[in-house]
Amino acid sequence: MQLIDGKATAAAIKAEIAEEVKKIVAEGGKQPHLAAVLVGHDGGSETYVKNKVLACEACGFKSTLIRYEDDVTEEELLSCVSRLNRDDDVDGFIVQLPLPKHINEQKIIEAIDYHKDVDGFHPINVGRMAIGLPCFISATPLGIVTLLKRYGIETSGKKCVVLGRSNIVGKPMAQLMMQKQYGDATVTVCHSHSKTLKEECRQADIIIAAIGSPEFVTADMVKDGAVLVDVGTTRVPDSTRKSGFRLCGDVKFDEVAPKCSFITPVPGGVGPMTICSLMLNTLAAGKKEYYK
C-alpha cells in the first residue's frame with residue numbers, strides 16, 4: 001500500500017507556480033491576483049480561506065479578502081460580485097460556499113464573470129468541461145486528477161466508482177474520469193439511493209469517495225489492489241484534541257488501507273490539492289490561458 005501524499009504534491013506544485021510567477025513578473029508581466037469573498041464565521045470556511053491566503057503568498061500571487069457578516073443582503077453580495085467582475089486588477093475570485101440560507105447560492109454563482117470563475121462553478125465552465133473544452137475546472141476534481149497523474153496511477157480503461165453526485169465534486173469528477181484527455185475510465189456514479197452500491201464498489205479499480213458520510217467505505221466494499229481517493233472531511237467531536245474535533249474521511253482508513261495499492265489520507269490527501277488547484281486556475285486566469 002502506498003500513501004498518496006497530497007500535502008507534499010501540493011507543496012511541489014506551488015513551488016513550480018512561484019517560479020513561473022517570478023519569471024512573468026521579471027519579464028514585465030502582471031502578478032496574478034486572487035480575491036476571496038467570505039460571508040459569516042463558519043469554522044470550515046474560515047480555515048479554508050486562511051489557507052487560500054497562505055497559498056497565494058507561497059505562489060507569489062496578490063490576494064484580497066473581502067468579509068461580510070451573516071446578515072449581508074443578497075443585493076449587497078451581488079453588487080460586490082459585480083465590482084470584482086469589473087476590476088481589471090483581479091484575475092480571478094471566489095465566493096466561499098456555503099452561504100447563509102437567505103441568499104440564493106446559484107444566483108451568486110451565475111453572477112460571477114465566467115472569465116474570472118476560478119472555482120469552476122459557473123454553468124459556462126461546467127458545460128465547457130463536460131464537452132472537453134478548455135476552462136476552469138472545479139478545484140477538488142482537478143486536484144484528484146492531478147494526484148492520480150503525479151503518482152502514475154493508470155486510469156485508462158479502468159473501472160472507476162464515484163460515490164456522491166454533488167455539483168462540486170461527484171458530477172464533475174465523473175465527467176473528468178470519463179473523458180479521454182483525463183481519466184479515460186469506465187465510470188459508475190453511486191449515491192445514497194443506489195441499490196447496488198456495495199457490489200459496484202467491490203468491482204472498482206478506483207473508488208472516489210465523496211459522499212460526506214464518515215467511515216462509509218469499509219473493507220468489505222473494496223477489492224484487493226484498488227485505488228482509494230477519500231474526499232470526505234467531516235468534523236467529528238474528539239475531546240483529546242485542542243480544537244475539540246478531528247477530521248474524518250469517508251473511508252474507514254485503518255481497515256481499508258491494507259487492501260489498497262494507493263490511498264489518500266484525511267487530512268493531508270485531497271484537501272491540500274483543492275487549494276493547489278485553485279492556484280493553478282488563478283495562474284491560468286492571469287495568463288488568459290482559456291479566455292482572452
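Two strands count as paired if DSSP finds at least two bridges between them. Helices (H or I, at least four residues) and strands (E, at least two) are DSSP runs, numbered from the N terminus. This is a predicted model, where local features need pLDDT of at least 70, side-chain atom pairs count only at pLDDT 80 or more, and totals for chains, interfaces and linings use all residues. Residues are numbered from 1 along each chain as its sequence is written, and side-chain values use heavy atoms, with hydrogens and water left out.

**Stop 1: strands.** Select residues 226–230 and 260–263: these are β8 and β11, a parallel pair with 3 bridges. Zoom in on Ala-226, and you'll find Cys-260 of β11 opposite.

**Stop 2: a pocket.** On a 1 Å grid over the protein atoms alone, a pocket is an open set of points where a 1.4 Å probe fits, with protein on both sides within 12 Å along at least five of seven lines; lining residues have an atom within 4 Å of a point. Which residues lie nearest the centre of the largest pocket? Select Gly-44, Tyr-48, Thr-233, Gly-271 and Thr-274, out of 50 lining residues. Elements giving two or more residues to this lining include α1 (6–26) and α10 (270–286). Colour α2 too: its 8 residues are the largest share of the lining of the largest pocket.
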